Amino acid sequence: MDHKSATDFIVTFLRTNLPSNLFYHGVHHTMDVCDVVEQIGSEEKVNDDSLIQLKTAAAYHDCGFVKQYFKNEPLAVTCVETHLPDFGYSDEQIQTIAGLILATQIPQRPSNHLEEIMCDADLDYLGREDFFEISETLKKEWLAYGVVSSEEEFNLKQLKFFQQHRYFTETSIKRRSDQKAKHYIELQKRCADYSFK
């Protein structure tokens, strides 16, 4: 597996082809997930081959956004099936990477440890200090794509998402749960304010 060349290829592709109004799902998000999946994978003590597959899945997981906004994950799978053989990935490795990408679909339903790591890396920001800063970019993107039509609707969706989301790995539970709980309380306050308008 030539992970470096495979990643260089897709990052260049994303920089060139991703729509400019992907304020959240831009290359910066892809690179963030690449970093976090390596951190979690190392903490969770996965072997070297598995870590490379996780990092590859992180690099490719949002490339379907080039073609469409909704249900983009199957398009990312098509992309890895098309291009990763050129970088020395076996059919079995590509199948694993495809599963990792599909596991990021919402609602997340990971079926093994690697998929749990991938899911936690993709939504790591929910329990980070920069959550509200990053969520502003998601709000801007969702307004652009008609997912929500107002800040109020966005915050209510965020609150509902927090109620349904959970981290899967011991690493993410330990690192992110406390801060995520604080964000949830703040979202509750923001949404409670709508009742008094």
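**Cavity, pocket and packing**

Q: What makes up the lining of the largest cavity?
A: F132, S135, E136, K139, E151, F154, N155, Q158, L187 and R190 line the largest cavity. Lining residues have an atom within 4 Å of a point on a 1 Å grid over the protein atoms alone, a cavity being a set of points where a 1.4 Å probe fits but cannot get out. Two or more residues of the lining come from each of α7, α8 and α9. Helices are DSSP runs of H or I with at least four residues, numbered from the N terminus. The model is predicted, so local features need pLDDT of at least 70 and side-chain atom pairs pLDDT 80 or more, while totals for chains, interfaces and linings use all residues. Residues are numbered from 1 along each chain as its sequence is written, and side-chain values use heavy atoms, with hydrogens and water left out.

Q: How many cavities of 30 Å³ or more does a search of the whole structure find?
A: The search finds 1, and the volume of the largest cavity is about 40 Å³. A volume is the space filled by probe spheres set on the grid points, which are joined across faces, edges and corners.

Q: How is the lining of the largest cavity divided by class?
A: It has 3 nonpolar, 3 polar and 4 charged residues. Ala, Val, Leu, Ile, Met, Phe, Trp, Tyr, Cys and Pro count as nonpolar, Asp, Glu, Lys and Arg as charged, and the others, Gly among them, as polar.

Q: What is known of the largest pocket and its lining?
A: A pocket is an open set of points with protein on both sides within 12 Å along at least five of seven lines. The largest pocket holds about 930 Å³ of space. Its lining has 30 residues, and Q105, I106, P107, W142 and F161 lie nearest the centre. Helix α8 gives the most to this lining, with 5 residues. By class, the lining has 13 nonpolar, 10 polar and 7 charged residues.

Q: Why are α1 and α3 described as roughly parallel to each other?
A: The axes of α1 (residues 3-17) and α3 (residues 48-60) cross at roughly 10° and come within 9 Å. Angles under 35 degrees count as roughly parallel, and therefore the pair is described in this way. The axes are lines fitted to C-alpha atoms over the stretch in contact, with angles from 0 to 180 degrees between N-to-C directions. Contact means heavy atoms within 4.5 Å. The contact of α1 with α3 has 7 nonpolar, 3 polar and 1 charged residues.

Q: Why does D124 count as buried?
A: Buried means under 20% relative accessible area with a 1.4 Å probe and protein chains only (exposed is over 50%, partly exposed in between). D124 has 0% relative accessibility and therefore counts as buried. D124 is found in the loop between α6 and α7. Beyond residues up to four places away in sequence, D124 touches V36, Y167, R175 and R176.

Q: Why is C34 called buried?
A: The relative accessible area of C34 is 11%, so the residue is buried. C34 lies in helix α2 and, leaving aside neighbours within four places in sequence, is in contact with K55, A58 and A59.

Q: What makes α6 mostly covered?
A: Of the 10 residues of α6, 8 are buried. These buried residues pack against α2, α3, α5 and α9.

Conventions. Angles under 35 degrees count as roughly parallel, over 145 as roughly antiparallel, 65 to 115 as roughly perpendicular and the rest as oblique.
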